[in-house]
Amino acid sequence: MPDDESTQSLRDLVRTARLRLADSAADLGTLLRLLGDHDQAELLLRQALEIYEADCRTHVDQNRTTKELS
């Protein structure tokens, strides 16, 4: 069973990867919008927003849990 430090490190890596994916989706969505492919752009931008929102909810929940344990 992994220790707390390696588990936290893995969580941080996953969070970073998700945020990079969201950034890439947002960048590609913006580019597609500029090229006139509005339907595909909207899809990618919505996906990026969902990732960002999920990260904010998760991050807030983790902070709340940490404070409750203190």
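Buried here means under 20% relative accessible area, exposed means over 50%, and partly exposed lies in between (1.4 Å probe, protein chains only). By that definition Asp55 is buried, with a relative accessible area of 16%. This is a predicted model, in which local features need pLDDT of at least 70, side-chain atom pairs count only at pLDDT 80 or more, and totals for chains, interfaces and linings use all residues. Residues are numbered from 1 along each chain as its sequence is written, and side-chain values use heavy atoms, with hydrogens and water left out.

**Overall make-up**

- The protein has two helices and zero strands; helices (H or I, at least four residues) and strands (E, at least two) are DSSP runs, numbered from the N terminus.
- Of the 70 residues, 13% count as buried.

**Helix α1 and its end**

- Helix α1 has 31 residues and spans 45 Å from its first C-alpha to its last, close to the 45 Å expected at 1.5 Å a residue; the expected span is 1.5 Å times one less than the number of residues.
- The buried residues of α1 include Ala22, Ala25, Ala26 and Gly29.
- An α-helix has 3.6 residues a turn, so residues three or four places apart point the same way.

- Ala22 lies in helix α1, which covers residues 4-34, and is buried with a relative accessible area of 0%.
- Leaving aside neighbours within four places in sequence, Ala22 is in contact (heavy atoms within 4.5 Å) with Ala48, Ile51 and Tyr52.
- The C-alpha atoms of Ala22 and Ile51 are 6.0 Å apart in space, although the two residues are 29 residues apart in sequence.
- Ala26 is also found in helix α1 and is buried, with a relative accessible area of 17%.
- With neighbours within four places in sequence left aside, Ala26 is in contact with Leu45, Ala48 and Tyr52.
- Ala26 and Ala41 are 15 residues apart in sequence, and their C-alpha atoms are 8.5 Å apart in space.

**Tyr52**

- Tyr52 is found in helix α2 and counts as partly exposed at 27% relative accessibility.
- Leaving aside neighbours within four places in sequence, Tyr52 is in contact with Leu19, Ala22, Asp23 and Ala26.
- The C-alpha atoms of Tyr52 and Ala22 are separated by 6.8 Å, with the residues 30 residues apart along the chain.
- The side chains of Tyr52 and Asp23 make a polar contact at 2.4 Å; a polar contact is a pair of N or O atoms within 3.5 Å, where within protein one must be able to donate a hydrogen and the other to accept it, and residues adjacent in sequence count only if both atoms are side-chain atoms.

**Salt bridges**

- A search of the whole structure finds two salt bridges, each defined as a side-chain nitrogen of Lys or Arg within 4 Å of a carboxyl oxygen of Asp or Glu.
- One joins the side chains of Asp55 and Arg15, at 2.7 Å from N to O.
- Asp55 lies in helix α2 (residues 38-69) and Arg15 in helix α1, so this pair ties together parts that are 40 residues apart in sequence.
- Arg15 is partly exposed, with a relative accessible area of 32%.
- Asp55 is in contact with Arg15 and Leu19, leaving aside neighbours within four places in sequence.
- Glu42 forms a salt bridge with Arg46, and the closest N and O atoms are 2.8 Å apart.
- Both Glu42 and Arg46 lie in helix α2, four residues apart, about one turn of the helix.
- Glu42 is partly exposed, with a relative accessible area of 39%, whereas Arg46 counts as exposed at 52% relative accessibility.

**Nonpolar surface patch**

- Leu10, Leu13 and Val14 form a nonpolar patch on the surface, with about 280 Å² of accessible area together.
- Patches are made of residues with over 30% relative accessible area and no salt bridge, with like charges joined within 9 Å and nonpolar side chains (Val, Leu, Ile, Met, Phe, Trp, Tyr) within 5 Å.
- Leu13 is found in helix α1 and counts as exposed at 56% relative accessibility.

Key:
Accessible areas come from the Shrake-Rupley method with a 1.4 Å probe; for residues, only the protein chains shown count as cover.
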